[in-house]
Amino acid sequence: MMKLVTVAEMRAMEAEANARGVSYETMMERAGLGVARFVNENLYVGEDEKIAVGLVGSGNNGGDALVTLAALARMGWTVRAYLTSAPDRSHPLIKRLLDFDAELVEMAQDAEFSRLDGWLESAAVILDGVLGTGIHLPLRPETARLLGHVAEFDPPGTVVAVDCPSGVDCESGEMAEETIPADVTLCMDAVKVGLMRFPAYAAIGDLQVIDLELPEDLPTEQGLRRSVADYDMVGERLPVRALDAHKGSFGTVMAAVGSIPYTGAAYLAGMAAYRVGAGLVRMAVPGPLHAALAGKFPEATWLLLPHEMGVIAAAGAELLLKNLDRVTALLVGPGLGLEETTGEFLAHLLTGKSSKTARHPLGFGSAAQNHETAEHLAALPPLVMDADGLRLLAKMENWPARLPEGCILTPHAGEMAALTGLSVEEIQAERMAVAEKYAREWGQVVILKGALTVVAAPDGRVTVIPIATPALARAGTGDVLAGAAAGFRAQGLEAFDAAVCAAFIHGEAGLAASRTSAEASVVAGDLLPLIPAVMSLF
Ligand SMILES: NC(=O)C1=CN([C@@H]2O[C@H](COP(=O)(O)OP(=O)(O)OC[C@H]3O[C@@H](n4cnc5c(N)ncnc54)[C@H](OP(=O)(O)O)[C@@H]3O)[C@@H](O)[C@H]2O)[C@@H](O)CC1
Ligand SMILES: [K+]
């Protein structure tokens, strides 16, 4: 798990660490040594190609780069420092480099960048240490000229951004157009929130965190609730599969999904639940879907619900409620459509009463009736609500009070708009904050889907899935994600963990699909056979 912090939180942690005896100087030494180790161990180059060029700014980000260069020199690299301001030859970090016979050039002495171009041509690694978290955009013209020149030069070596690509605002995610796109960004101690926003995200390349080994009980750190998902975080949360397991060990998903117009959504969701390890998937679908899907999906069992014109009808709720005995997660939503009768089906499912018999089908009744409804909700299996299920829910008065505890809601920005009344633009501009706020307000886990999916829990935990690929911007991929979330929930994961595991594995499957075929050609069904490949990496 990578911590995700604001710039102010990072500064506070540094100050607290400093007060506890881990000095700023020590932190810089650890930062530089960490970058050097990463470069030396992970960027494989031949002995005679070990040349690193550092672009060095005048702040602490440049300080990190200088420490890195000296450490690389100690590891046998030829190192060169290109400085944005005149080097103070008595400064300990500069002296240390000179002791290794490193070449130093100041930008002002290289008017046409001719020295720099020669260096860039031969460097295996380019360290971008011009600007870090201390930046205020817009860039000063001479800095913009340097960054823009390197970006346009597009050096053949690996560009390693120190803490962040220089030119990125680590808080807002704004980015100067001259910013050098990194191949890998090595964040000091924690990822800064701006890197998980656009446009900055597009420039960071692979993301790694260098551990500064700050004391673990720093007050600011104790309060941190945000993180960025990675294989370690997800691997720690995946269900354990015992050798003596039987299908009951991995739970049963009941999927109330599909309609004739959206037949495939049912399959995608149900199969995804299996692919992430659910023991049994029961498909509660409008009757006519059985003939279309049974041959394609022999692993499922079927509960045929009454339908009207191919959509689940109100009367389906009673049948479904009678069949929830061993169900450990109930998925509602993919492909349902928005017909009124399906809305009544959902209301009945959530109240235990049909709109025909209940005077107050949504529970606005006497204390005794409300108690009955609460008991009914408490008896439902853990719920995953997706897609049209969310849109039908959004139409119900005071809907957040209609759900049992422990639900996972999986809106994309459009569905989130329907649930919150915010515009899609408002949601996209503040994805993290919006997911965080409403997860708390509704008391449910929210997966706000899209590029950089955000998972938020009512207790304030927020995890960003650091994946954005056009391969996932396709019809049906959301059904796969919802099915995966239900699959994990059925195996007993708590709602937040199930949501994080599903969103991460879904995202990685999308990346895998775009690696093996043209992004434009990836369809939702392609993700299903890739889920096992991703799961095998843990
Ligand atoms: N605390 C620590 O010891 C630790 C810090 N760490 C590291 O420190 C970094 C933060 O360092 P920081 O605060 O010194 O700021 P930093 O990003 O180097 O930028 C300041 C420089 O940028 C310049 N500048 C600003 N705006 C500009 C513009 N628009 N256009 C052009 N230039 C502009 C500004 O110039 P000035 O305005 O002062 O003339 C100054 O020279 C952080 O990212 C991490 O890498 C970690 O290793 C952990 C330990
Ligand atoms: K940088």
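Begin by selecting residues 2-222 of the protein chain in this predicted model, which the domain assignment gives as domain 1, and then colour residues 235-535, which it gives as domain 2. Where the two domains touch, the contact takes four residues from domain 1 and four residues from domain 2. On the side of domain 1 that touches domain 2, the residues are four nonpolar ones, with no polar and no charged residues.

Next, select ligand 1 and display the 25 residues around it, of which G59, N60, N61, G132 and G134 come nearest. Two helices to highlight here are α2 (24-42) and α3 (60-74), the elements that give two or more residues to this shell. What classes of residue make up the shell around ligand 1? Colouring by class shows 10 nonpolar and 11 polar residues, together with four charged ones.

For the last stop, select helix α18, which covers residues 477-490, and helix α20, which covers residues 524-535, and look at how their axes come within 8 Å and cross at roughly 35°. The crossing in which α18 passes α20 is right-handed. Now show the side chains where these helices meet: T477, D479 and V480 belong to α18, while A524, L527 and L528 belong to α20. Sorted by class, the residues of this contact of α18 with α20 comprise four nonpolar, one polar and one charged.

Definitions and conventions: Residues numbered from 1 in each chain as written. Chains lettered and ligands numbered in written order. Predicted model: local features only at pLDDT ≥ 70, side-chain atom pairs only at ≥ 80, totals over all residues. Axes fitted to C-alpha atoms, helices over the stretch in contact; angles between N-to-C directions. Helix = DSSP H or I, 4+ residues; strand = E, 2+ residues; numbered from the N terminus. Left-handed = near helix turned anticlockwise from the far one by under 90°. Contact = placed C-beta atoms within 7 Å. Nonpolar A, V, L, I, M, F, W, Y, C, P; charged D, E, K, R; others polar. Domains from an automatic or database assignment. Near = placed C-beta within 6 Å.
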